[in-house]
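Here's a quick briefing to read alongside the picture. Take a look at the chain, then work through the points below.

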Amino acid sequence: MKLSIILVNYNVRYFLEQCLYSVRRAIKDIDAEVIVVDNNSVDGSVRMLEEKFSEVKVVHNKTNLGFS
């Protein structure tokens with residue numbers, strides 16, 4: 001069984017990066033996927049994801065849909 005971790009992001013690049021480093025360590029030996037839903041951030045979050053976390057799936061929203 002696969003574990004899915006879904007994170008919602010909006011202009012919190014630094015905290016997202018720290019969170020993903022922690023998640024990466026925590027799921028090292030687990031069959032898991034990480035999905036980040038970005039709500040149209042303008043702080044470089046998506047670029048950081050592409051550069052440092054290429055294994056993360058990214059959903060790019062065109063507007064800020066808010067948190068669930």
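Is Arg24 buried, partly exposed or exposed? Arg24 is partly exposed, because its relative accessible area is 34%, and partly exposed is the range between buried (under 20% relative accessible area) and exposed (over 50%), using a 1.4 Å probe and protein chains only. Keep in mind that this is a predicted model, where local features need pLDDT of at least 70 and side-chain atom pairs count only at pLDDT 80 or more, while totals for chains, interfaces and linings use all residues. Residues are numbered from 1 along each chain as its sequence is written, and side-chain values use heavy atoms, with hydrogens and water left out.

**The sheet**

- Let's start with the strands: three of them form an open sheet in the order β1-β2-β3, with parallel pairing.
- At the edges sit β1 (3-9) and β3 (57-60), each of which pairs on one side only.
- From one strand to the next, the twist averages 20°.
- A quick word on naming: helices (H or I, at least four residues) and strands (E, at least two) are DSSP runs, numbered from the N terminus.
- Two strands count as a pair if DSSP finds at least two bridges between them.
- In general, strands of a sheet pair through backbone hydrogen bonds, either parallel or antiparallel.
- β1 and β2 (residues 32-38) run parallel and are joined by seven bridges.
- Among the bridge partners, Ile5 goes with Val34 in β2, and Ser4 goes with Glu33 in β2.
- β2 is mostly covered, with six of its seven residues buried.

**The helices**

- Helix α1 lies across β1 and β2, and runs at about 170° to β1.
- Helix α2 (residues 45-52) packs on the sheet, where it touches β1, β2 and β3.
- The direction of α2 makes about 155° with that of β2.
- For these descriptions, contact means heavy atoms within 4.5 Å.
- The axes are lines fitted to C-alpha atoms (for helices, over the stretch in contact), and angles run from 0 to 180 degrees between N-to-C directions.

**The salt bridges**

- Three salt bridges turn up in this structure.
- The term covers a side-chain nitrogen of Lys or Arg within 4 Å of a carboxyl oxygen of Asp or Glu.
- As background, side chains of opposite charge can pair when their charged atoms come close.
- Glu17 and Lys52 meet through their side chains, at 2.7 Å from N to O.
- That pair links distant parts of the chain, as Glu17 is in helix α1 and Lys52 is in helix α2, 35 residues apart.
- Glu17 counts as buried because its relative accessible area is 11%, whereas Lys52 is partly exposed at 35%.
- Arg24 comes back here: its side chain meets that of Glu55 in a salt bridge, at 3.0 Å from N to O.
- Glu55 lies in the loop between α2 and β3 while Arg24 is in helix α1, so this pair ties together parts that are 31 residues apart in sequence.
- Glu55 is partly exposed, since its relative accessible area is 47%.
- Lys57 and Glu33 also form a salt bridge, and their closest N and O atoms are 2.8 Å apart.
- Because Lys57 lies in strand β3 and Glu33 in strand β2, the pair ties together parts that are 24 residues apart in sequence.
- Lys57 is partly exposed at 45% relative accessibility, but Glu33 counts as buried at 17%.

**The loop asparagines**

- Asn11 isn't a glycine, yet it has a positive phi of about 55°.
- You'll find Asn11 in the loop between β1 and α1, and its 27% relative accessibility makes it partly exposed.
- Asn40 isn't a glycine either, and has a positive phi of about 65°.
- Asn40 lies in the loop between β2 and α2, and is partly exposed with a relative accessible area of 39%.

**The surface patch**

- Val12, Tyr14 and Phe15 make a nonpolar surface patch of about 340 Å².
- Patch residues have over 30% relative accessible area and no salt bridge; like charges are joined within 9 Å, and nonpolar side chains (Val, Leu, Ile, Met, Phe, Trp, Tyr) within 5 Å.
- Accessible areas come from the Shrake-Rupley method with a 1.4 Å probe, and for residues only the protein chains shown count as cover.
- Phe15 belongs to helix α1 (residues 13-26), and counts as exposed because its relative accessibility is 58%.
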